[in-house]
Amino acid sequence: MKQNFLFQASNISKYYGQNIGCKNVSLDINPGEVLGIVGESGSGKSTLLNCIYGNLEVDEGDIFLNDKSKTILNFTKISEPKLRLIQRSDLAFVHQNPRDGLRMNISAGGNIGERLMAIGHRNYGEIREIAANWLEKVEIDVSRIDDKPSTFSGGMQQRLQIARNLVTRPRLIFMDEPTGGLDVSVQAKILDLLRNLVRELGIAAVIVTHDLAVVRLLADRIIVMQNGNVIEAGLCDQVLDDPQHKYSQLLVSSVLQV
Amino acid sequence: MNEMSKNENLDIQIYNFAYLDENTKRMIRRALLKALCIPGYQVPFSSREMPMPYGWGTGGIQVTSACLIPKDILKVIDQGADDTTNAVSIRKFFQKTANVTVTEKTSDASLIQTRHRIPETKLKEKQILVYQVPIPEPLRFLEPRETETRKMHALSEYGLMYVKLYEDIAKHGHIETAYAYPVKTNGNYVTDPSPIPKFDNPKMNNSPAIQLFGAGREQRIYAIPPYTNVKSLDFEDYPFEAMKANFKCSICGSSDSYLDEIIVSDDGKRSYICSDTDYCKEQTKLNSKKED
């Protein structure tokens, strides 16, 4: 096992009864690296993401995280309290629908502050200042800090969700279709923002998407999935420019050219 | 076991001592013991139908019923007062079914059932304070899933509780929550003190009396044993403040007891009086003695 990896999953399998969620998937992520997972609907992308985040229990395989103190933790072995603690400190999860990842009846500031308060911040002034800083970072007007996310546009909600997740400086962020359901100009804005934040803060990321443009823009490496299996993996440009597997070729060639 | 014989002087000998049957009382006592062992933990119990509607203190009554012994002296208060509907009906209920002595004097009572107040007179050892609780789960309106709130308690994930206080300050400039103000019991479980005003919160801390909480509809019992640390949640820069209306009682003149605001005329004239009627009486007596 390499010692400088951040995150490693080996031979993960998840079954839904007779059906395969994902099968024998291995991947590793280095600090600061962005990994894209692409594939059609139902190919097991989201299942895989939820498995490696620890939301779904895996049937086979191991998941390792090299935590801040350089201890290697196995997600399939550690206790639930420990896992939940890691999920809200070292890791983060951005949902496709911001409504799943935000508390809609709590102000923007409260949404950002929640993770801080969860890890023990108890100073209102400080929490508010950090929240305001983060709103600025994700290009939401600071004057909206006390407004509820339900009054925000879809793009703003998504940016707020990103801020809420990044506020505790996680080292690895999981994103499930972060730009799905947004119109193209808003998508571009969010991708731009994500790219800057991920590079600036040196956060590693796993991005699940069916949009090849998203991975082209953000990812260093990608894996292509079909029917729960990884059929191709490699450097992003390499896979997208010279796909080897039949399905990858189909995927790449089906992108609309304008 | 059967204490029926003690009820001989009752007209109708239908009910067991203190209404509930012995097995039910035993079940509730078991829950109470567990609750006392794990301060602040909500113990599920199989709440019974009581001869009054939910919201009238069915949880408190069941706890009282399980604790009551014939030589107990019972006091019942509702919002601090001995003479309001809820207090009167519950007091009568136990007079009828348990034939216990009742009192209005806090210091004489061995068991006090309360709705929404803690008496002003300092409680002492060997007294039991039974709270009627509408919603035992402090996280209920923040996280609707019971499975999730239980997990949050088990793992002491209380960030969300602070989000509520954060929202208060963001909206009102101070912590607006004025009743049912969340506390941390014994440095562990976040507990709902029932809808008592936050003015009463400090009285819960290190109290010599046993504090029992019963929620009938929600089927939960929890407890704070004597001399337990009870801390109201707050922020470093917005510390907890026990507050009350800044007036004097217009009957007894007390300025340190919790006051009720009463509108006394059509043009909105207000008057403030002690919510604790027993305390008010005591103070009035003391005042007239001083004048003599």
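**View 1. Helices H6 and H7 of chain A pack at an angle of about 15°.** In this predicted model, helix H6 of chain A covers residues 154-166, and helix H7 of chain A covers residues 184-201. The axes of the two helices lie 10 Å apart. Because angles under 35 degrees count as roughly parallel, H6(A) is described as roughly parallel to H7(A). The crossing of H6(A) and H7(A) is right-handed.

**View 2. Residues of H6(A) meet residues of H7(A).** On the side of H6(A), the contact is formed by A:Gly155, A:Gln158, A:Arg159, A:Ile162 and A:Leu166. On the side of H7(A), the partners are A:Val186, A:Lys189, A:Ile190, A:Leu193, A:Leu194 and A:Leu197. Sorted by class, the residues in this contact comprise seven nonpolar, two polar and two charged ones.

**View 3. Chain A contains 10 helices and 10 strands.** The radius of gyration of chain A is 18 Å, close to the 18 Å given by the globule rule for 258 residues, so chain A is as compact as a globular protein of that length. Along its principal axes, the C-alpha trace of chain A extends over about 55 × 50 × 35 Å. Of the 258 residues in chain A, 47% are buried. Contacts in chain A between residues at least 6 apart in sequence include 65% that join residues at least 24 apart.

**View 4. Chain B contains seven helices and 12 strands.** A compact globule of 292 residues would have a radius of gyration near 19 Å, and the 20 Å of chain B agrees with this value. The C-alpha trace of chain B spans about 60 × 60 × 40 Å along its principal axes. Buried residues account for 46% of the 292 residues of chain B. Among the contacts in chain B with a separation of 6 or more, 61% are between residues 24 or more positions apart.

**View 5. Chain B is in contact with chain A.** The contact involves 15 residues of chain B and 16 residues of chain A. By class, the side of chain B that touches chain A consists of nine nonpolar, one polar and five charged residues.

Terms used: Residues numbered from 1 in each chain as written. Chains lettered and ligands numbered in written order. Predicted model: local features only at pLDDT ≥ 70, side-chain atom pairs only at ≥ 80, totals over all residues. Axes fitted to C-alpha atoms, helices over the stretch in contact; angles between N-to-C directions. Helix = DSSP H or I, 4+ residues; strand = E, 2+ residues; numbered from the N terminus. Parallel < 35°, antiparallel > 145°, perpendicular 65-115°, else oblique. Left-handed = near helix turned anticlockwise from the far one by under 90°. Contact = placed C-beta atoms within 7 Å. Nonpolar A, V, L, I, M, F, W, Y, C, P; charged D, E, K, R; others polar. Rg over C-alpha atoms; globule rule 2.2 N^0.38 Å. Buried ≥ 20, exposed ≤ 12 C-beta atoms within 10 Å, placed from the backbone.
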